[in-house]
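We will go from stop to stop, selecting a few residues each time.

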Amino acid sequence: MPRPVWNGTISFGLVAIPIKLYHGVSKKSVSFNQLDERTMSRIRLKKVSAETGEDVPDEHIIKGYELSKGRYVVVDPDELEPFIPSATKSIDLEEFVDLDEIDPVYFDTPYIVAPDKTPKPYVLLARAMEEAGKVAIGRFVMRNKQYVAALRAQDGKLLMSTMVFADEVGKVESGVELEGIDEIDLSAKEVKMAEALVESLSAAFEPDKYRDEYREQVLDLIERKAAGEEFELPAPAAAAPKVVDLMAALEASVKAAKDARKRHPAGGPHEEAATKTPAKKASSKSSSASSSDDDTAAIAKPKRVRKSA
């Protein structure tokens, strides 16, 4: 059973609703340790002086903010103490806004909000927010850091996302190479063809269709090597063709998307690509096809050629 990462109250006006926060997303990745190939022992990082290369004991390590190359302002932990926000154990709601007023770029880390002790105030707030179509904006402190958060209701439950601050959002004029795009001329035919391509690829969003294929393939490789099986790394993906004629590329893309829709009315080009390869695999290796489920079959597994040590 998951453990809450924070517990406190949602406060607005004179109302206080006890709640618990749980992680809304469980990030998955493949991590490796650095090893000494001679002994297979792990590599340990040490704190050394960049000037002398000698070890630096913890009692001699201080904090410094770099103003310019090699120029620092030293700050003592006691000087930072007054600025650390007080842990009030309360999400203080300040206003209610429409969801479409918030640019998605501001959303950061999602959490599931669950009632604690007395669920009725929680249910009441969720119902009122959902019927009003509003999102609550508030502040709270977690692990000595203050956050701005957006609280929204969905299907009778409360969800929350921490938000980045306005000065953390990248500005268009901050060196990004977007100069001159407003001056590019587009013909009506080009716009219509691009709109046709967008329309041909339009579909309902199904998050389960998108998987981390790199992670799945790496884990499969690790399992095979751990079992001492033979394997061969798959061939690298072909490079994307260079776009020479924009209109020709758009027309070809629209035709391919429409053809894919005719063959697979319920899906699109991704569905076609995902189902083509497993079919070939199943016909060539019946034993591997019978031992793998539908999900893993969609990932092209390495051929068994080389024997791992």
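This is a predicted model: local features need pLDDT of at least 70, side-chain atom pairs count only at pLDDT 80 or more; totals for chains, interfaces and linings use all residues.

Residues are numbered from 1 along each chain as its sequence is written, and side-chain values use heavy atoms, with hydrogens and water left out.

Now widen the selection to both strands. β1 and β5 (residues 90–98) run parallel and are joined by three bridges. Strands here are DSSP runs of E with at least two residues, helices are runs of H or I with at least four, and both are numbered from the N terminus. Two strands pair if DSSP finds at least two bridges between them.

Pick G8 and you will find its bridge partner in β2, I19. While you look along the strands, recall that side chains in a regular strand alternate between the two faces of the sheet. The two strands form a hairpin with two residues between them, and G13 in the turn has a positive phi of about 65°.

Most residues other than glycine have a negative phi. K89 counts as partly exposed because its relative accessibility is 41%; buried means under 20% relative accessible area, exposed over 50%, and partly exposed in between (1.4 Å probe, protein chains only).

For another such case, jump to N144, in the loop between β7 (134–142) and β8 (145–154). N144 is not a glycine, yet its phi is positive, at about 65°.

Switch to a surface view and select D76, D78, E79 and E81, which form a negative surface patch. Like charges are joined within 9 Å, and nonpolar side chains (Val, Leu, Ile, Met, Phe, Trp, Tyr) within 5 Å. Asp and Glu count as negative, Lys and Arg as positive, and His and the chain ends are not counted. The place of a charge is NZ of Lys, CZ of Arg, CG of Asp or CD of Glu. D76 lies in the loop between β4 (71–75) and α1 (77–80).

Finish with L178, I181, I184, L186 and V191, a nonpolar surface patch with about 450 Å² of accessible area together, by the Shrake-Rupley method with a 1.4 Å probe, where for residues only the protein chains shown count as cover. V191 sits in helix α3 (residues 188–200).

Key: Patches are made of residues with over 30% relative accessible area and no salt bridge: like charges are joined within 9 Å, nonpolar side chains (Val, Leu, Ile, Met, Phe, Trp, Tyr) within 5 Å. A salt bridge is a side-chain nitrogen of Lys or Arg within 4 Å of a carboxyl oxygen of Asp or Glu.
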